[in-house]
Amino acid sequence: MLPFCLQNFLKGDKTMDFWKRAQELKDEITQNRRHIHQSAEVGLNLPNTKAFVMEKLREYGLKPTECGHGVTATLGKPGKTLLLRADMDALPIEEKSGEPFACPTGETAHACGHDMHTAMLLTAAKMLKENEDALCGTVKLMFQPAEETFEGAHDMLENGLLENPPVDAALAYHVAAGKSPVGFVMYNDSGVMMASVDGFEITVHGHGSHGANPNLAIDPINVGVHIHLALQELIARESDPTKTCVLTIGQFMAGTAANIIPDTAVLRGTIRTNDKKARALLVRRMRETAERTAAVYNATVEIRTLSEVCPLVCDKSVTDDMLRYMGALNIPNFTPYGGISATGSEDFALVAERVPSAMMYLGAGYMDERGQYTAHNPKVVFNEGVLPIGAACMAHCAVEWLKENA
């Protein structure tokens with residue numbers, strides 16, 4: 001016997017016009033986004049953001065639960081399960097966007113657009129709940145923390161995100177600021193969309209002394225400088241030039257005064273690649289290079305892993321299906337653009353590694369002077385015109401994918 005939703009479909013019953021409904025809810029989506037924006041929090045522990053998300057989900061008729069440091073909820077009926085994901089964390093920078101709802105802390109800012117992702121998924125959840133009878137399966141919501149530190153997806157996966165019920169496929173969107181106009185959709189259904197990321201911390205252990213007597217010291221700053229330079233040669237002379245490989249040292253910390261040689265120095269960085277073999281080579285050689293360079297100068301190193309995320313590879317079938325569903329919404333200026341590949345990284349890759357998934361970038365920028373800054377810049381400005389688009393696409397894609405895979 002056909003599921004109830006398919007019986008209705010064959011009788012001619014239609015599901016909600018999600019694009020029309022999302023436009024009706026634009027003020028609410030915007031209000032939710034601005035509330036989250038003003039209350040920006042970073043890392044795994046997002047108490048205020050998490051409480052707001054759970055409050056809204058209850059208001060919309062759902063029963064949210066904690067999943068690790070994140071939030072999840074389900075709706076629909078037994079059958080296939082589609083996961084919809086939004087990240088919630090901000091960046092540890094001072095906001096300089098000039099927006100009237102800018103974050104007032106001076107230390108945190110939603111400069112990557114995760115506040116928009118959360119607001120869009122909240123509204124998608126509301127619309128799906130309003131149209132729950134049309135679901136031919138289950139929609140599971142994933143509101144995750146700590147995407148910026150690449151801890152959030154791992155945290156939720158360890159706490160059973162893909163279980164009870166088991167997830168069959170997943171969909172995520174990321175907004176794109178800068179000169180990416182609203183209606184523009186960027187995707188990759190045939191290769192690596194985003195690079196892997198292996199974060200590392202190298203602590204150099206030397207021996208301190210008075211700055212006037214360097215001969216009595218093992219200077220960890222000097223050792224750290226040589227390690228930094230040696231690591232750059234891994235890209236210049238050991239990496240396959242046909243592969244994307246990036247090694248960046250973003251932090252170098254040592255010392256407390258100009259006339260003291262300290263005992264330790266700390267370097268933190270990331271390795272990013274789009275190739276499995278290149279990734280394994282660089283991670284191994286980073287360790288060997290740091291250890292052996294330190295030994296030349298009679299120092300030692302302690303190396304700690306900060307993150308381990310594979311490249312993001314989207315499933316072609318799921319991606320193409322989602323694009324087809326999105327095209328049927330008749331969104332103004334809808335312009336798909338394929339083949340996107342970036343050196344940035346996304347821990348949604350850990351979900352995509354386990355279940356067939358699609359991730360796309362939605363244009364949320366401006367073609368005038370407001371588009372001169374991109375994500376992670378303190379002055380970035382996001383176009384809120386994308387909010388109903390993201391919400392409508394999530395809800396519509398969920399209904400259609402479950403219907404076709406019932």
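The structure is a predicted model. T289 sits in helix α8, and H174 sits in strand β5. Helices α3 and α11 cross at roughly 105°.

**T289 in helix α8**
- Helix α8 spans residues 276-296, and T289 is part of this helix.
- The relative accessible area of T289 is 9%. Buried means under 20%, so T289 counts as buried.
- Leaving aside residues up to four places away in sequence, T289 touches A230, L231 and L234.

**H174 in strand β5**
- Strand β5 covers residues 169-176 and contains H174.
- H174 has 5% relative accessibility, so this residue is buried too.
- H174 and G385 lie 211 residues apart in sequence. In space, their C-alpha atoms are 14 Å apart.

**Helices α3 and α11**
- Two packed helices are described by the angle between their axes and the distance between the axes.
- Helix α3 runs over residues 26-38, and helix α11 over residues 387-404.
- Their axes come within 9 Å and cross at roughly 105°.
- An angle of 65 to 115 degrees counts as roughly perpendicular, so α3 is roughly perpendicular to α11.
- From α3, the contact uses K26, I29, T30 and R33. From α11, L387, P388 and A391 take part.
- By class, this contact of α3 with α11 has 4 nonpolar, 1 polar and 2 charged residues.

Definitions and conventions
Residues are numbered from 1 along each chain as its sequence is written. This is a predicted model: local features need pLDDT of at least 70, side-chain atom pairs count only at pLDDT 80 or more; totals for chains, interfaces and linings use all residues. Side-chain values use heavy atoms; hydrogens and water are left out. Helices (H or I, at least four residues) and strands (E, at least two) are DSSP runs, numbered from the N terminus. Buried means under 20% relative accessible area, exposed over 50%, partly exposed in between (1.4 Å probe, protein chains only). Contact means heavy atoms within 4.5 Å. Axes are lines fitted to C-alpha atoms, for helices over the stretch in contact, and angles run from 0 to 180 degrees between N-to-C directions. Angles under 35 degrees count as roughly parallel, over 145 as roughly antiparallel, 65 to 115 as roughly perpendicular and the rest as oblique. Ala, Val, Leu, Ile, Met, Phe, Trp, Tyr, Cys and Pro count as nonpolar, Asp, Glu, Lys and Arg as charged, and the others, Gly among them, as polar.
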